[in-house]
Amino acid sequence: MPSYFAMTIEKYDPEKGQMLQILDPDGKLLKGVKGLLSDADVLKLYQVMVLSRMTDKKALAMQRQGRLITYIPQSGQEAAAAASVFALEKTDWIVPAFREMAGWLLRGVRLSEVFTYLRGNEQGSKNFPNHKMTPLSIPIGSQIPHAVGISWAAKLRGEKTVALVFFGDGATSEGDFHEGVNFGGVFKTPTIFFCMNNQWAISVPRTIQTASKTIAQKAVAYGIPGVLVDGNDIFAVHLATKEAADRARAGKGPTLIEAYTYRQGPHTTADDPRKYRTEAEEAKWLCKDPIARVRKYLDKKRLWDDKRQAALEAECEKVIEDAVEEAEKIVYNPHDIFNYHYAELTQELKEQYEEFKKTLGGTHG
Ligand SMILES: Cc1ncc(C[n+]2csc(CCOP(=O)(O)OP(=O)(O)O)c2C)c(N)n1
Ligand SMILES: [Mg+2]
């Protein structure tokens, strides 16, 4: 099995498949690989990825119907999200960006909470810390120093807790990325910097986001290992994350993982990718779809068939419908407009809040 340290070397070219890949797009496992993920593990990951993919379709439709304010499509990135979280302990922290739904669900976040958040209600995030997950981070890259702080605090307390932070290729151009990774390298914090390189930051392609050939190689400058993995391969993502978590727990510091993947849909429901990328590119990546790949693997092992697929889809549909119904019943607390921004409101916001309370006319507590 290739060592992930080798993958930091600049000569590796992911476009030529030169990255850590264990399950190829035809669902074939690299020769000699045994015991990485059991059949039960693969089935679990497959089911959560299908649930995430079906939720994506539903959420897109709901946004078009005016039932969600905006939506951030997840399709194509399910393997990277699920297999990384699956490699962690339940006591480890997940510090999300916003495109890792399969991972959140695997951690135990309820779909109704996700829909509540997506409906613009901050109450949806309220429970995330109970699952050792911080709320979603919309300001790009700002969650990276938070993850370093969380893991550094755990280290100082003598806990064996790791923090895994998700961020995109675009986030690597933010100061927060460089500050966070540098701090982690110097203080050997138990952090996993997990970059979802989905090739695009809205309309900016990865090729002009940075002059580095890979994102993984940036680790070298900070004195930490970097690994370039096929982000559409649950086996490779799981192995790289597991090794990074083991290193972190052993006091050896952080790892930067670049998961090479693709955003199949638009950036958000406010975006039209036809303006900046070709159909040929989209078609090329569809052939590497992470879910279809696992299905092929399961089919070869006779662990799955169309009947089971139909049953799973029917079950997911019900789970999604129930979650939507629950989320749509939740009444907004209008005071939340002023909550969650600051520990203490600024003078200007305090004045606005007083005025706002008067407009509510005493109808809300
Ligand atoms: C600090 C900041 N600048 C700009 C934006 C607007 N914005 C939202 S998503 C995005 C692109 C992020 O790209 P990437 O990090 O690759 O993540 P992806 O959306 O591809 O998952 C930008 C520029 C923002 N949310 N925060
Ligand atoms: Mg991106």
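Which handedness does the β-α-β unit made by E2, helix H6 and E3 have? In this predicted model, for which local features need pLDDT of at least 70, side-chain atom pairs count only at pLDDT 80 or more, and totals for chains, interfaces and linings use all residues, residues are numbered from 1 along each chain as its sequence is written. Chains are lettered from A and ligands numbered from 1 in the order in which they are written. The unit, in which helix H6 covers residues 175-187, is right-handed, a term that applies if, with the strands pointing away from the viewer, the path from the first strand over the helix to the second runs clockwise; helices (H or I, at least four residues) and strands (E, at least two) are DSSP runs, numbered from the N terminus.

Five strands form an open, parallel sheet in the order E1-E2-E3-E7-E6, where two strands pair if DSSP finds at least two bridges between them. Strand E1 (93-95) and strand E6 (226-230) stand at the edges, each with a single partner strand, so one side of each lacks a neighbour in the sheet.

Three bridges join E1 to E2, and Ile94 has Leu164 as its bridge partner in E2; Leu164 is in turn partnered by Ile192 in E3, the strand of residues 191-197 that six bridges join to E2. At the other end of the order, five bridges join E6 to E7 (residues 255-260), with Val229 opposite Ala259 in E7.

Strand E2 (residues 163-168) is mostly covered, six of its six residues being buried, that is, with 20 or more other C-beta atoms, placed from the backbone, within 10 Å of their own.

Conventions. Buried ≥ 20, exposed ≤ 12 C-beta atoms within 10 Å, placed from the backbone.
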